Every structure is written in structure tokens, then in C-alpha cells.
Amino acid sequence: MMNINSTPILSLITCLLLFSCKEPKASENSSESKTSTPEWISEVGAEEIEFNKKVFYVNDYDAIADGSALTTTAIQKAIDAAAVNGGGTVTFKPGTYLSGSIFIKENVHFNIPEGVIILGSESIEDYPEIDTRVAGIEMKWPAALINVLDQKNVTIDGEGLVDGQGKVYWDYYWNLREEYEPKGLRWIVDYDAKRPRTFLLQNAENVFLKDLNIQRAGFWTVQVLYSNHITVDGLTIRNNIGGHGPSTDGIDIDSSKYILVQNCDIDCNDDNFCLKAGRDWDGLRVDRPTEYVVIRDCIALAGSGLTTIGSETSGDIRHVFVSNIQGKGTKTGLKIKSATNRGGTVEDIHMQNIKMDSVGTFMQVSMNWNPSYSYSKLPDGYDYDSIPKRWKTLLEEVTPPEKGIPTFKDISISNIEVQGAKRAIYVNGMETSMVSNIQLTDVHIAAQEAGQITYSKDWTLDNTSLNIADGSTLTIENAPGVEFPNTLYIANDED
């Protein structure tokens, strides 16, 4: 460890050693010559769609535009009319529209223009239950506010506002959790507290979500499930208005492929950008990967993870490219989480050109995440034959047990600058499943404490440094081939 007093001259030296005092030119950015761009990136996202030029105003189908009463039926009539006439644009005249679940059809351009507010109903009865997957298991669950189910060639866009009015659902969750936890039912409360997502793309193909303003999701904001060639572009998500809703993820990519997420700005109370692929026995049964995903040119504000992989990993998550993301106040930079009953492999993950400030931990990896939620056990006094089907799904054991052990490998992280972190790195594999082949190139992290690495192997470092305020060094245990020989630890004695 090297101690440097915080004199102005030495502070300048620290800056030069750890963080460039000016933005490097492209030709000077060493990471550009040391990292490569996967060839498959050009294949992600939707292809441009030409729509029928006819316009269908929901107001012509008796939509109520002052928010005084539910107008779901009128909006759906306009969508259905467009669909049976070969497609076209469904749109709104300025106003406020209260709605439950609506279902966008093939070849429909659903436009929410400036001056329009869509309010999600605060009554769960206005969201009919459908067959879907939530938090890693297939089950009946309320449809989203805006759905694209089994459709292709759809665009949803506009400068208006979609407000999920989620506070009533947040309160419902917290009240149910307060009731369930003393009963030993923490593991099931997220599945019993049924809350509406804001957007659901399920079994969809060639869909654009563009330039949307979304706030106060009752549950996840955007879920892309069992879908391919989807573009999510220019979304602004604000879920912390009027409170901090539980599980109000920003964008969840779930067992889907060839997905492009770009130019999004997310402030939420859970994972900002999250990749999922099923959990436990049910996820292993479905066995559908998330793969070929690009997330680029985005901003992550409050939230649990700038890029989160898991905790649902059963179907595998691979071929992921994350670039040019800014994190401000986000709890974690890269978070990979799973449990010993999830299984699945996380591999071929590329993360580059990231800047973060005022964060929790830059890199956090766990194979035993949140045990009270991850592991299901029916308490005494409950009759197995009488419990709901979703309970039984979560109680199904993974056999043989080793099938539930996840694998994390082949992760490349480059050109990273992190300031104001509480902890630099916290990576914990397992004796039977090492976190392996991690490459850190041009990674510079300023944090209060260093953290730890356990049960890992074969890490490669190039121009990597930790600026640790409390003078601690990384605790490295059971980690063959994991060393930080070129890492400069600088204790900041200013405090």
C-alpha cells in the first residue's frame, strides 16, 4: 500500500495517475486499441417499419379525454379498427386518458403525442390476468398497461406521458410484505402482490419503443419477454416521484435476443437495466437464454444496478455489450447475482466506457443472493395441497442439486472511471463454481474501501488502479491467478 498526503501537488499527481484531467481524444484512448467490438452488434434491434398512412383517433371511438372515467374500451376499439384495416397510426387528441390494459396489434403505430397523458388505472381489476412470466416463473399475472403480445411490426412512441400511478400498488406490496415476513413467507410475497407492469412485449418481434416519457410504474416499467429484434430507444423513466416503489425496474430483458437499448435515462428504485432468464426449477424447465443484447449511450440515476444480470439466470445470459453509460447515484455498476438453485451460465459480457459518481459498489457478484427471497420453504401449518400453483412452482426442488449451481465467466470490463464509491469490488464465487476469466483494462475506481474477491480465478489486469480512502486493500481468498500487482492503492488522508 502506498500512502500519499493530500497536498495540492500530490493531489495533482494522483489525478494524473488515476484519472485523466482532460477527456482523451479517440486516438489517445488506450482502451479502444485494447478492446474489440463483437461482430454480432450490427444484428440487434428492430428494422424500420412502413405503416399504412391512415390515422385512427381514439377520440372518434368515444374516448374520454379529461381523465374522469375509464376509457380502456375506446382506446382498444381504435387499435382494433386499425388492425383490421391493414394497420396505421392510432393516436390521441390532447387530454388525459385513464386506462386499464390495452393490447397493441400487428402493423399498428401507437403514438402518444405531446399534450397527452395516459394514466394507469389504480384498480388491479382493470388489468386482466394473462399467461406470462414474472420474476423468473411462468404464472397468471395481470397484463401490463400497454401490451404487445404475440405481435410483430409495432411502434409505440410519442412525447406525451405514460403515468402508471403506481403508488397504490407500492403500498399494497409493503403491507403484504409486513404481513408475510413474520410467517416465513418472504420468498412468495413478490408473487402474491400482483401489480401491473407499464409496458410488456411478450412473444413479440420487430418492435420499437421510442421517445417515451414514463413514470410511477406499479411494478417493472418495461419487460421484454420471449421476444426478438426489439429496439428500446430514448425512454425517460421516473419511478421515484411521490415515493420509492418496490421492484420498479427500468428495463428488463427476459429470455429475449437481438435487443437494442439506447439513449435511455432511468431513475427508479430497483435495477435500471436488467437481464433475466428464468429462475429455479421453472427457469431450467423453460431453458430460454437472453443473448445478443446491446445497451449503449444511456444514463442511470437512482436505482440498484446500472447493469444487472440476474438474479434469474437459469436459461443462460450471454453475448452482452454495454457501452457509454453514465451512472449518478446508482447503487451498483455491474451486478451479477444468482442463487444455488438457479443454475445457468453468465458469459461473454462486455462492459466499456462507463463513468460513475456517488455509487455503492462498482462491481458486485454473488452466487448466493438474498437467501430469504431466493430459497423457498413452506412453513409449518400450511397444507401443500391447498396452496396456489405459483407457490408449488417455487417450492419445486432442482435435482440433482448441482444443476442449480450457476456459472459466471468471460467478462471484459474496460475504460471505466468511478468516483465516490463506497466500495470498489465485491466478488464472491463458490468453491464449486469459480468466477473465472475476468479482464479489467483501463479501470480506475475511487472508493471508501477496497472490498474483496473470493473463489475466483484467472483475472487479467491492464492499467487498473484503486484509490481507496481508508487505506484498505482487496481481500483476496481462494482465488488462484487473481492478483493486483500493478494496482496503485492510494489512501486519502484528507479526512
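In what follows, Ala, Val, Leu, Ile, Met, Phe, Trp, Tyr, Cys and Pro count as nonpolar, Asp, Glu, Lys and Arg as charged, and the others, Gly among them, as polar. The model is predicted, and local features need pLDDT of at least 70, side-chain atom pairs count only at pLDDT 80 or more, and totals for chains, interfaces and linings use all residues. Residues are numbered from 1 along each chain as its sequence is written, and side-chain values use heavy atoms, with hydrogens and water left out.

**The largest pocket**

Select Arg186, Asp190, Ser247, Asp270 and Trp369, which lie nearest the centre of the largest pocket among its 25 lining residues. A pocket is, on a 1 Å grid over the protein atoms alone, an open set of points where a 1.4 Å probe fits, with protein on both sides within 12 Å along at least five of seven lines; a cavity is a set from which the probe cannot get out, and lining residues have an atom within 4 Å of a point. The volume of this pocket is about 450 Å³, where a volume is the space filled by probe spheres set on the points, joined across faces, edges and corners. Its lining divides into 8 nonpolar, 5 polar and 12 charged residues. Next, colour helix H4 (167-180), helix H5 (186-192) and strand S27 (332-337), the elements that give two or more residues to the lining. Helices (H or I, at least four residues) and strands (E, at least two) are DSSP runs numbered from the N terminus. H4 gives the largest share, 3 residues.

**The cavity**

The whole structure holds 1 cavity of 30 Å³ or more. To find the largest cavity, select Gly120, Tyr127, Leu145, Gly164, Pro196, Arg197, Thr198, Ala217 and Gly218, which line it. The space inside is about 30 Å³, and the lining residues comprise 4 nonpolar, 4 polar and 1 charged.

**Aromatic rings**

Which arrangement do phenylalanine 219 and tryptophan 220 adopt, stacked or tilted? Their pair is stacked, at 5.0 Å centre to centre and 10° between the planes. Rings of Phe, Tyr and Trp (its six-membered ring) pair if their centres lie within 6.5 Å; planes under 30 degrees apart count as stacked, over 60 as edge-to-face and the rest as tilted. Both residues of this pair are buried, buried meaning under 20% relative accessible area, exposed over 50%, and partly exposed in between (1.4 Å probe, protein chains only).

Now move to tryptophan 459 and phenylalanine 484, whose centres are 6.5 Å apart with planes at 50°, so the pair is tilted. Tryptophan 459 lies in strand S32 (residues 456-468) and phenylalanine 484 in the loop between strand S33 (475-477) and strand S34 (490-492), so the pair ties together parts that are 25 residues apart in sequence. Both tryptophan 459 and phenylalanine 484 are buried.

**Cysteines**

The structure holds 0 disulfides, a disulfide being a pair of cysteine sulfur atoms within 2.5 Å. Select cysteine 298: its sulfur is 4.7 Å from the closest cysteine sulfur, in cysteine 264, too far for a bond. Cysteine 298 is buried, at 3% relative accessibility.

**Backbone stops**

Finish at the peptide bond from glycine 310 to serine 311, which is cis, with omega near 5°. Serine 311 lies in the loop between strand S25 (307-309) and strand S26 (317-328). Aspartate 442, in strand S31 (residues 435-454), has a positive phi of about 55° although it is not a glycine.
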